[in-house]
Amino acid sequence: PNAEDGSLDPSSGKIVDLHGYSLAVAKAAVRSGLRKLVQKYQNGGREVQDFVVITGVGRHSKKAFQPSIRPNVQAMLLEEDPPLKAHFTPGNSGRLVVYKKELVNWCAKQVSRRESVPADKAGSLKLRSPADLKRNFNSAIEKGENIKVE
């Protein structure tokens, strides 16, 4: 996967790389990826694949190798309805995978409930860098938009 084929872009619905993101931005990126998966499911579901979240092992956490992103993303996924279990990749504790079967069941429930994925309520957010986030945040403030911080 690489940035050129869009696989590291959360909107691709394939792989979300959270390196360098704050917790709030990481959660938004994961939600954006989930939103994209629901869209793929609604378009026939053939494109829905395993959802990979690269959290890193915590090298750059306040306490080295005590990650804060990974456990919070796992908890957020478990709060979904139905819960999404993120599995560790053997030999790589900084990479989580939600398997296709769970995703298809989750997407079906989202569509059948006719409720939006949390990212839908916040609008589409395409994240590429912390600088993009800051620019988008400042733009929203200037427009007087409400911003909810979790």
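## Overall architecture

From the N terminus on, the elements of the protein chain follow the pattern β-α-β-α-β-β-α-α-α. That comes to 5 helices and 4 strands, taken as DSSP runs numbered from the N terminus (helices H or I, at least four residues; strands E, at least two). The model is predicted: local features need pLDDT of at least 70, side-chain atom pairs count only at pLDDT 80 or more, and totals for chains, interfaces and linings use all residues. Numbering starts from 1 along each chain as its sequence is written, and side-chain values use heavy atoms, with hydrogens and water left out.

Of the 150 residues in the protein chain, 38% are buried (under 20% relative accessible area, 1.4 Å probe, protein chains only). Among contacts (heavy atoms within 4.5 Å) between residues at least 6 apart in sequence, 58% join residues at least 24 apart.

## The sheet

The 4 strands form an open sheet with mixed pairing, in the order β1-β2-β4-β3; two strands pair if DSSP finds at least two bridges between them. β1 (15-17) and β3 are the edge strands, each pairing on one side only. Neighbouring strands are turned by 30° against each other on average, direction ignored; axes are lines fitted to C-alpha atoms, for helices over the stretch in contact, and angles run from 0 to 180 degrees between N-to-C directions.

β1 and β2 pair in the parallel sense over 3 bridges, and Val16 has Val53 in β2 as its bridge partner. α1 packs on the sheet, touching β1 and β2, and its direction makes about 170° with that of β2.

## Helix α2

α2 lies across β2, β3 and β4 and runs at about 15° to β4. In this helix (residues 69-78), the buried residues are Ile69, Arg70, Val73, Gln74, Met76 and Leu77. Seen down the axis of α2, they fall within an arc of 160°, so they line one face of the helix; the arc is that of the directions from the helix axis to the C-beta atoms. Their cover includes α1 (23-42), β2 (51-54), β3 (87-89) and β4 (92-98).

## Nonpolar core

The largest nonpolar core has 24 residues, of which Leu18, Val30, Leu34, Phe51, Leu77 and Leu103 touch the most other members. Such a core is a set of buried Ala, Val, Leu, Ile, Met, Phe, Trp, Tyr and Cys residues joined through side-chain atoms within 4.5 Å. α1, β2, α2, β4 and α3 (100-113) each give two or more residues to this core, and the largest share, 7 residues, comes from α1.

Leaving aside neighbours within four places in sequence, Val30 is in contact with Val16, Leu18, Phe51, Val53, Val73, Met76 and Leu77.

Note on methods: Buried < 20%, exposed > 50% of the residue type's maximum accessible area, 1.4 Å probe, protein only.
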